[in-house]
Amino acid sequence: HEGCSGKFDVNADVANHHIQEEFDPEVEHLSVLNEEFEHAINDTNSVKDRLEERSDTVQGEINDRFEAMKARLEQRRDELINQTKEICRLKTEALDRHLGMLKDKNNTIKESLDFIRDFRCNTIP
């Protein structure tokens, strides 16, 4: 028999043949199970490979979408910063004009006070 070693013994060979016939259904069942498990292993490896490929694809799509959103957010941020700078410039100009008017009014008041003081000093003995 295959895989057997040693001398040929007719009685042992007949006994082994009888035992082998009894175990043939079990051997056949194990052989079928072995094939089923090999198919299941191959199918599982195939599913795993497809999952990893899809995962890589999804991760790439996520990165692409994130980069696009990031670019739009950076553009919007730049727009808002520029708008803020422009508003600040316009408000600063308006405050500078207002400050100029306040200073002019204050100078007018100071001149009026100086005029009144000078008048009093010159007219009141």
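The side chains of Arg-89 and Glu-86 are joined by a salt bridge, with an N to O distance of 2.4 Å; a salt bridge is here a side-chain nitrogen of Lys or Arg within 4 Å of a carboxyl oxygen of Asp or Glu. The model is a predicted one, in which local features need pLDDT of at least 70 and side-chain atom pairs count only at pLDDT 80 or more, whereas totals for chains, interfaces and linings use all residues. Residues are numbered from 1 along each chain as its sequence is written, and side-chain values use heavy atoms, with hydrogens and water left out.

The protein chain contains one helix and zero strands. Helices (H or I, at least four residues) and strands (E, at least two) are DSSP runs, numbered from the N terminus. Helix H1 covers residues 10-123. Of the 125 residues of the chain, 0% count as buried, where buried means under 20% relative accessible area, exposed means over 50%, and partly exposed lies in between (1.4 Å probe, protein chains only). The accessible surface of the protein chain comes to about 11900 Å², and 57% of this area belongs to carbon and sulfur atoms. Such areas come from the Shrake-Rupley method with a 1.4 Å probe, and for residues only the protein chains shown count as cover.

The structure holds five salt bridges. Besides its contact with Glu-86, Arg-89 forms a salt bridge with Glu-93, at 2.5 Å from N to O. Arg-89 and Glu-86 are separated by about one helical turn because they stand three residues apart in helix H1. Arg-89 and Glu-93, both in helix H1, are four residues apart, again about one turn of the helix. Asp-78 counts as partly exposed at 36% relative accessibility, as does Arg-77 at 47%.

Surface patches were also examined. Patches are made of residues with over 30% relative accessible area and no salt bridge; like charges are joined within 9 Å, and nonpolar side chains (Val, Leu, Ile, Met, Phe, Trp, Tyr) within 5 Å. Lys and Arg count as positive and Asp and Glu as negative, while His and the chain ends are not counted. The place of a charge is taken as NZ of Lys, CZ of Arg, CG of Asp or CD of Glu. Asp-24, Glu-26, Glu-28, Glu-35, Glu-36 and Glu-38 form a negative surface patch. Within this group, Glu-35 belongs to helix H1 and is partly exposed, with 46% relative accessibility. A nonpolar surface patch consists of Phe-115, Ile-116 and Phe-119, which together have about 340 Å² of accessible area. Phe-119 likewise lies in helix H1.

Cysteine residues were considered last. With a disulfide taken as a pair of cysteine sulfur atoms within 2.5 Å, the count comes to zero disulfides. Cys-88 is partly exposed at 48% relative accessibility, whereas Cys-121 is exposed, with a relative accessible area of 59%.
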